[in-house]
Amino acid sequence: MRQQQAALEALAQENATLRADLQRLGAGDAAALVQEMTARRLEAAAQEAALQRRIHAARQELEVINRDLTAAEFDLAQVRATLIVTDEEAVLQEVGVYRYAHPLQDAVAYKARLASLKDRIKVAVRADQAVLATTNWQVNGSSRDGAKMVKETSKLMLRAFNAEADNCVRVVRPHTVHTAVQRLEKAAQTIARLGTMMSIRVSEHYLRLRLEEIRLTADYLAKVEEERERAREAREQAREEAKAAAEFEREKARLLKEQGHYEGALERARAGDASPVVIAEIEAKIENVQQAISGVNAREANLRAGHVYVISNIGAFGERMVKIGMTRRLEPMDRVRELGDASVPFRFDVHALIRSDDAVALESKLHAAFADQRVNRVNKHREFFYVTPVQVRDQLAQIAGQHLLEFHELPEALEWRASGAHATRTPSRAK
């Protein structure tokens, strides 16, 4: 028992030693953990402080950007308020068909009117009626020096205004006349604003003269272009008439030759005691030839006779556009083939071909019926219309007394279909 008691005491002492060691070790780990947690809290606090500083700096930068954006929007609003529209395509859409402000007879009359107007402009400048200014301006108490300064400044302002006016006259076109007028009016307003101290401003009389010059110049250019287009159309009409006259002459020569052939055959038949049936056939042929010659002569004499054609070019102009024209050719398809030359990518398809003794009137009726669908509303000789062949056919059905030689509702468009163009109507833009 003593041995057991001794062993038990040894175990108890070892147990106490182990507990002491365990307590010592546990306290050390706790201290280390406390230190690590404290370090981590300090690091997190430092990171949070740095993040708060970055957020504060970002907010300040955002405020600066917002102020710059507000200032830029204000500047943009001011620029837009003084902006003059110069996009010719937009101007064309807004103005539409140009109308003459000064409907004179020809370009010569416009040129004379312009010369007279320029003389009035020179008179206004010489008479000091172009720019108005104050008369009591002083420099260092000197009225003389003040008057000299006002005169020199007025001359400088007038020089700037005339340069702007001359530039407007030089670049004006019939469809941009209101843009040029607006531009010159703003120039006058700018001069009045810059010359407020001396009351320097362009006079209303002089401004009206320069605006009149711009409008008259636009009218002159439009009249010149109109006369040029009319001359071109007259030349085209003369060429068409010459071709038609040549066809008439060739056809008459052919018929006369054929008539001579049959007359010779008739003489030989009579001299050879041919049967009455053969002679009658030859005489009938001669009569047909004579009637054909009379028809050619009648068509040549009747300048209104001819063919009205309705054609389309789906590959060039789309499915809802046709051309309605008239030709005096004996073979109207020659004219159609000429229209489908190298100026268009594909040949025209014929939808309707009408022979009429008054083709001019028939063409005019069709043009009047589709006037609202006319493609070019400025040049009436551009005979294209936003209509379908069926619409033209229905309109032709209402016009009595016309002989419709042929009608095709759907275009063949052989070249276009063979080219595969219908599968790629909108070409991809080159990069």
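Is tyrosine 206 buried or exposed, and what is its relative accessibility? At 1% relative accessibility, tyrosine 206 counts as buried, the term being used for under 20% relative accessible area with a 1.4 Å probe and protein chains only. The model is predicted, with local features needing pLDDT of at least 70 and side-chain atom pairs pLDDT 80 or more, while totals for chains, interfaces and linings use all residues. Residues are numbered from 1 along each chain as its sequence is written, and side-chain values use heavy atoms, without hydrogens and water.

Phenylalanine 161 is likewise buried, at a relative accessible area of 1%. Aromatic rings of Phe, Tyr and Trp (its six-membered ring) are paired when their centres lie within 6.5 Å; planes under 30 degrees apart are stacked, over 60 edge-to-face, and the rest tilted. The count comes to three aromatic pairs. With centres 6.0 Å apart and planes at 55°, phenylalanine 161 and tyrosine 206 form a tilted pair. This pair links distant parts of the chain, 45 residues apart: phenylalanine 161 lies in helix H4 (residues 143–171) and tyrosine 206 in helix H6 (residues 204–271). Helices are DSSP runs (H or I) of at least four residues, and strands (E) of at least two, numbered from the N terminus.

Turning to the strands, seven of the seven residues of E3 (residues 306–312) are buried. Strands pair if DSSP finds at least two bridges between them. E3 pairs with E5 (residues 349–356) in the antiparallel sense over seven bridges, and valine 308 has isoleucine 354 in E5 as its bridge partner. Five bridges join E3 to E4 (residues 322–327), also antiparallel.

Definitions and conventions
Buried means under 20% relative accessible area, exposed over 50%, partly exposed in between (1.4 Å probe, protein chains only).
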